Number of protein chains: 2
Amino acid sequence: MTRQSLGPCVTFFPQPTTLIGSVDAGGHFDLMTASWVGVVSKTPPTMAVALNRGRQSFANIMASREFSVCVVPENLMAAADFCGLASGRDHDKFKLAGLTPEPATRIKAPLVAESPLCVECRVTGEVTLGDYQLILGEILDIQVAADAVGEEGRIDPQAIAPLVYLGGVREYWSLGRKVGTAYRDGKPLFPARKG
Amino acid sequence: MTRQSLGPCVTFFPQPTTLIGSVDAGGHFDLMTASWVGVVSKTPPTMAVALNRGRQSFANIMASREFSVCVVPENLMAAADFCGLASGRDHDKFKLAGLTPEPATRIKAPLVAESPLCVECRVTGEVTLGDYQLILGEILDIQVAADAVGEEGRIDPQAIAPLVYLGGVREYWSLGRKVGTAYRDGKPLFPARKG
């Protein structure tokens, strides 16, 4: 394939678009947009979130040792983009973005009531990476919108409608259509057993 | 919002679908499908990849201290799913998946010729998380398909056509349509300055 080098940069996608909920010692909630977020272990279930150490949300999480990760649905695109641009030191981001704090079940940090999928985490580790801190959080609970869960407990991706972030390209996209089923569609590629 | 608890689990999306390229001491290439992959710092550009420590690819990366992260396009869905099901100890995954190893520019681990966006990384750190290891890799270069780059260097997401993985739901989806522009569409939510 004919290729072009981009050099060392951070152009990579698809990534999630999330709002990280946190609370300071005075009980004030903050929100921060983050796309450098993902699952990193199943034993125990753990998420990793990379944040710039200068952010108010980072200070809150370091003090409280907990945070929420709320998946941003398509219809909250502008609200999420705002929460990435504004600082919790200057603005009440929940109010200006038109979002509603909702109590979590296992942590004091807020969930976003308008988010269809929220993860509640307790900090279990950290790694310093230049200006950023990779925060590891054990997943205590995941709260999903009841109307996104169908028969037999299947989560409907179109009901979640997660906003996909394209790092480097700096664009938000929607999910398209289902292309395949994991742990199944690759099976025909195994060589036939000799019998 | 009426919610349902999923308990502590790993149901979270959207996530990328990637193939991790590695090489063992004997020069044999291996590939492994991974969705627990993301950017974690810009200073320097760094990726994190979480792998099960039992995998051949994990052994290769620990020995060689380098790996590639190749974004899976929609049309390689079955090949990528196969590379997640099969073990490099038993199968030549490149051959059975119909994929072609391509030399990287900065590392000995292979790229996937059919992947439109490949990241070349050198291991800079590790964190043990139960059965998994979070591997941190400095990004040495990113190689993009030349025909996915348009005027003024803009990368065309539809030319990349990245496969989106839905963790927990275990489905692969396509990208849909552009919903917004990051660092711009949230600006109207700032309060008007008083004059």
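Helices (H or I, at least four residues) and strands (E, at least two) are DSSP runs, numbered from the N terminus. With that in hand, let's begin the tour. This is a predicted model, in which local features need pLDDT of at least 70 and side-chain atom pairs count only at pLDDT 80 or more, while totals for chains, interfaces and linings use all residues. Residues are numbered from 1 along each chain as its sequence is written, and chains are lettered from A and ligands numbered from 1 in the order in which they are written.

**Stop 1: a residue in chain B**

Select Val49(B), which you will find in strand 6 (residues 45-52) of chain B. Is Val49(B) buried or exposed? Val49(B) counts as buried because it has 27 C-beta neighbours inside 10 Å. The cut-offs are these: a residue is buried if 20 or more other C-beta atoms lie within 10 Å of its own, exposed if 12 or fewer, and partly exposed in between, with C-beta atoms placed from the backbone.

Now show the contacts of Val49(B); two residues are in contact if their C-beta atoms, placed from the backbone, lie within 7 Å. Leaving aside neighbours within four places in sequence, the partners of Val49(B) include Ile20(B), Trp36(B), Phe67(B) and Ile135(B).

**Stop 2: where the chains meet**

Colour the two chains separately. The contact between them draws 88 residues from chain A and 89 residues from chain B. On the side of chain A that touches chain B, strand 13 (residues 171-181) of chain A gives the largest share, eleven residues. Sorted by class, that side of chain A has 53 nonpolar, 22 polar and 13 charged residues. Here Ala, Val, Leu, Ile, Met, Phe, Trp, Tyr, Cys and Pro count as nonpolar, Asp, Glu, Lys and Arg as charged, and the others, Gly among them, as polar.

**Stop 3: a sheet across both chains**

Select strand 13 in both chains. These two strands pair in the antiparallel sense over seven bridges; two strands pair if DSSP finds at least two bridges between them. Which residue of chain B stands opposite Leu175(A)? The residue is Leu175(B). Further along, Tyr172(A) has Gly180(B) as its bridge partner.

Three bridges then join strand 12 to strand 13 of chain A, where Val164(A) has Trp173(A) as its bridge partner. The hairpin of these two strands has four residues between them, and there Gly168(A) takes a positive phi near 90°.

**Stop 4: the axis**

Finally, look at how the copies are related. Chain A can be laid on chain B with an RMSD of 0.0 Å by a turn of 180° and a shift of 0.0 Å along the axis. The two copies are therefore related as by a two-fold rotation axis. The superposition is by least squares on the C-alpha atoms of residues with pLDDT of at least 70 in both. Select Gly176(A): of the residues of chain A, Gly176(A) comes closest to the rotation axis, at 1.8 Å (C-alpha).
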